[in-house]
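This report looks at one helix and its surroundings, and then at some backbone features in loops.

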Amino acid sequence: MTGSTTSDRAPVASGTPQTDIAAQVETLIAQMSLEDKVAMMSGKGFFEALQEDDRVWGARPYRAGSGNERLGLSPLWFTDGPRGVTRGNSTCFPCTMARGATFDADLELRIGEAMGVEARAQGCNFSGAVCINLLRHPAWGRAQETYGEDSYHLGVMGTAMGTGIQTHNVIGTVKHFALNSMENARFKVNVKADERALHEVYLPHFKHCLDAGIASVMSAYNKVNGEFTGQDRVLLTDILRDEWKFEGFVHSDWVRGVHKVYGASAGLDIENPEPLVFGEKLVAAVNEGTVEPEVIDRACRRILRTQLRFAAQQDPLPAYGPELIASEAHRALALEAAQKCAVLLENDGTLPLAKTAKIAMLGRLAAMENTGDNGSSRVRPTYVVTPLQGLQRLLGEEAVTHADETDLANATAVAAQADAVVVMVGYTAKEEGEYIMGDIALGADQKKVPGRPSLSPVPIGGDRVSLGLPDDQVALIRAAVASGKPVVVSIVAGSAVMVEAWRKDVNAILMSFYAGMEGGTALAQVLLGLVNPSGKLPFSVARDTDHYPFFDRDADEITYDLWHGYTKLERDGNTPRYAFGHGLSYTGFDYRAITARLGAQTIEVTAAVTNTGTLAGEEVAQCYIGAPGVEAQRAVKQLKGFARVALAPGETKVVRFSVPLDQMRWRDGAHWRLESGDYRVFVGGSSAQVLSTHIRVPSHQG
């Protein structure tokens, strides 16, 4: 399919009331045999399609459940992914982590809308773009696919993305549920977490998105407390349905996402991409009495209720034609995201560079199309602007020279002839990404599965083996420094990179991430001061790798507790190199006049932000709150609000945050408790640079 047609959507009229949809669901179910119903509970045709498409992931929409030709019911047609629709030549946006650095929920909503449009224009009505797994450790290979280390931030940004996608009647799914934050061992690892860690740290962002209306959930590969998540009744029924009242459907990750037919009874509604466990085995289990017929009907109700509700809604656009794919407006949106995601980590005044400067750009990454992982999130745009191209287009080819790490003496010589040096360092899909074989996201298992294509024996991607730069890149930085010219280092990566070995020798450091198809354009604009950097780190960069939680990429079992990121650094008294929320500008910002008052069910916070410099800029004001921590140990402070503020030179604006008291509760067994006492309230430009006040929450508020 190349565009949205009537057959892409379920057979209901636009504007059908919910009561009528419920009735139609029952009518459809009544007309289905057991085999018909079970057929709705799995994808179909994936392996055959993959063979026909030379194993190119995303070459077509994938049938991911539902559908009944006899009844005129369309299947769910699935597409990834987090940085753009993985079909055709879609718009390639900056990776999710880069967009997390924008702290711009409105921008993320607009990007979600663009992805929804491009999905519909390419025959898809089901998207796996909302990845909100928490970054527990920066070595995680798929860190680039999520927004950062903070649960509140994840929830806000994921909600914006999912809401945007669903605006165009594409069903969004949040993934991977849950506690999936390591890659190489994802098919086997058992993640142990107690009640507090589970509900206070690793689940709130999922609930945030689902409460906002995101309509489906993808389970993860890993185990949680001894059970694979795709067949975990605690996660899929006790928490998701009974406690959270989620009414949408749950589907598995691609291949090996479910292991036993009792996954259906546990709450998994669809096995993707093929009925390797469900299908005939599930029919037999019902006939043998080991799975109740109501389990099948319940799953079909969830699928149909969601699908028909979306089909009944009128489309915002009259048509979704191919001209909407990677349109000029969407490419402009990709550029805006790339401009806003760049994080200025350090600067002694070298940046911005003079527009008349002769610049040496060093590093193989400078001339490489490097938009991120080559797994299930891969996007194939019609073009990618490299960093070298971006600078050359602005300054002219004669003003920008290039050398790389293969000849350090030449790199030093090239740098010596320039006015300033920009060194591009970091990673590619070979060093971090989805742990895959070949070019499809089917994981690292090489065992032959019936009906499944053979896989290449050479893995790519996976969890990082080091948090530092490769030795040849460190040597390249030193070669640039040896030229005696000002040196700017730009880091391309999906999460934190250790800088201790070389940071004192350079003049400025920029975190530029995998910045999408227009990344080179944006980087050049930032380097030359045409764009004032405004990104903020969505993770902490430690001074020592030992300050991060324990990480074993080959683990069979691992324990996740309450502490990671900035909460762990503050608890342990370890000062980060760059704090969560850190990011400099070419202007300056000052905070004053913080206030906090107790509302009926909220803490109301205000603070004034002033642009103290001579350039217009945007600041991300952040609100943190720290609980008393008497009843139970709590974080020193946790993010509870953020706002992007545009300020002219000398301008002051008041930022306001309304924090529900419910967000301050802690999990005590199966219950939530609000602790009374003095709460610290912080507002500032990072977790480490804040003003503070306090407010008392009386016991009757609990």
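The model is predicted: local features need pLDDT of at least 70, side-chain atom pairs count only at pLDDT 80 or more, and totals for chains, interfaces and linings use all residues. Residues are numbered from 1 along each chain as its sequence is written, and side-chain values use heavy atoms, with hydrogens and water left out.

Helices (H or I, at least four residues) and strands (E, at least two) are DSSP runs, numbered from the N terminus. Buried means under 20% relative accessible area (1.4 Å probe, protein chains only). Among the elements that cover the buried residues of α7 are α6 (151–166), α8 (204–211) and α9 (233–243); contact here means heavy atoms within 4.5 Å.

Helices α6 and α8 also pack against each other, at an angle of about 25° with axes 8 Å apart. Axes are lines fitted to C-alpha atoms over the stretch in contact, and angles run from 0 to 180 degrees between N-to-C directions. The two helices are therefore roughly parallel, a term for angles under 35 degrees.

Most residues other than glycine have a negative phi, and most peptide bonds are trans. The table lists exceptions.

| Item | Feature | Value |
|---|---|---|
| D80 to G81 | cis peptide bond | omega near 20° |
| F177 to A178 | cis peptide bond | omega near 5° |
| L179 | positive phi | near 60° |
| A326 | positive phi | near 50° |

L179 lies in the loop between β4 and β5 and counts as buried at 3% relative accessibility.

Note on methods. Parallel < 35°, antiparallel > 145°, perpendicular 65-115°, else oblique. Buried < 20%, exposed > 50% of the residue type's maximum accessible area, 1.4 Å probe, protein only.
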